[in-house]
Amino acid sequence: LRVMKPLVVFVLGGPGAGKGTQCERIVQKYSYTHLSAGDLLREERKKSNSQDGELIDKCIKEGAIVPVEITIRLLQRAMNEAMKADAQKNKFLIDGFPRNEDNLQGWNKAMNDEADVAYILFFDCDDETCINRCLERGKSSGRTDDNRESLKKRIQTYQQSTKPIIEQYQKMNKVRRVDASRSVDQVFEAVQKIFDKDAS
Ligand code: UP5
Ligand code: MG
């Protein structure tokens, strides 16, 4: 029996670009499983009193990137759990990863033979809009990084470390870009055009 390799779409864009919001809409309409690397890290931080928990906590507050070994372990576990529950569910939206060269190399090392990356779904949004959305959310999100100080660092990390990953994929013609500064519905319109094309 041949098991199909999981198919992965990396979902990237600045903090507050709408990755999570759009992924929720995508899974309602298309057969993908949404895995947010940030959500997995926040969950892991909550449940462990381990060294990892503290490290994750610090990285998130500082807008810095958690060592890839930790993130990959969480992603692999989540992918395996999803496929164990339903073997047909082998298409994944991996949201907020890979954020830098170290992430990408870690992924390639661990996952090159295990999964196929289709493309990067890139939610392109200007910094000001990103910051305003996160500050607005910060009024009620309880996220330790939805404040001006953390946001400055998150934007900086995104520009310095994550943008080059997107550019690298662009050179391979593996980026699907969406203007993410518009309304949720307008952004989802553009997203559907991409996913409908894949299905046909
Ligand atoms: N909103 C969404 N879309 C909107 C629209 N079109 N118009 C108006 N408002 C819109 O949306 C953010 C807010 O904006 C919400 O209030 C939403 O209603 C509104 P959301 O969909 O949550 O945006 P998203 O892009 O998911 O924003 P998020 O804050 O999650 O992005 P980040 O990339 O900053 O956060 P993430 O959780 O991915 O990572 C957090 C931290 O974890 C990182 O900084 C890093 O320290 C760590 N991390 C790693 O180290 N490694 C990883 O691999 C992943 C994370
Ligand atoms: Mg998110």
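**Briefing: fold and ligand shell**

The protein contains eight helices and five strands, where helices (H or I, at least four residues) and strands (E, at least two) are DSSP runs numbered from the N terminus. This is a predicted model, in which local features need pLDDT of at least 70 and side-chain atom pairs count only at pLDDT 80 or more, while totals for chains, interfaces and linings use all residues. Residues are numbered from 1 along each chain as its sequence is written, and chains are lettered from A and ligands numbered from 1 in the order in which they are written.

**Sheet**

- Five strands form an open sheet in the order β2-β3-β1-β4-β5 with parallel pairing, two strands being paired if DSSP finds at least two bridges between them.
- Because β2 (33–36) and β5 (175–179) stand at the edges with a single partner strand each, one side of each is left without a neighbour in the sheet.
- β2 pairs with β3 (residues 91–95) in the parallel sense over four bridges, and L35 stands opposite I94 in β3.

**Ligand 1**

- Around ligand 1 there are 31 residues, of which P15, G18, T21, G38 and G96 come nearest; a residue is near a molecule if its C-beta atom, placed from the backbone, lies within 6 Å of it.
- The elements giving two or more residues to this shell are α1 (19–29), α2 (37–47), α3 (51–62), α6 (127–141) and α8 (184–199).

**Overall dimensions**

- The C-alpha atoms of the protein fill a box of roughly 50 × 40 × 30 Å, taken along the principal axes.
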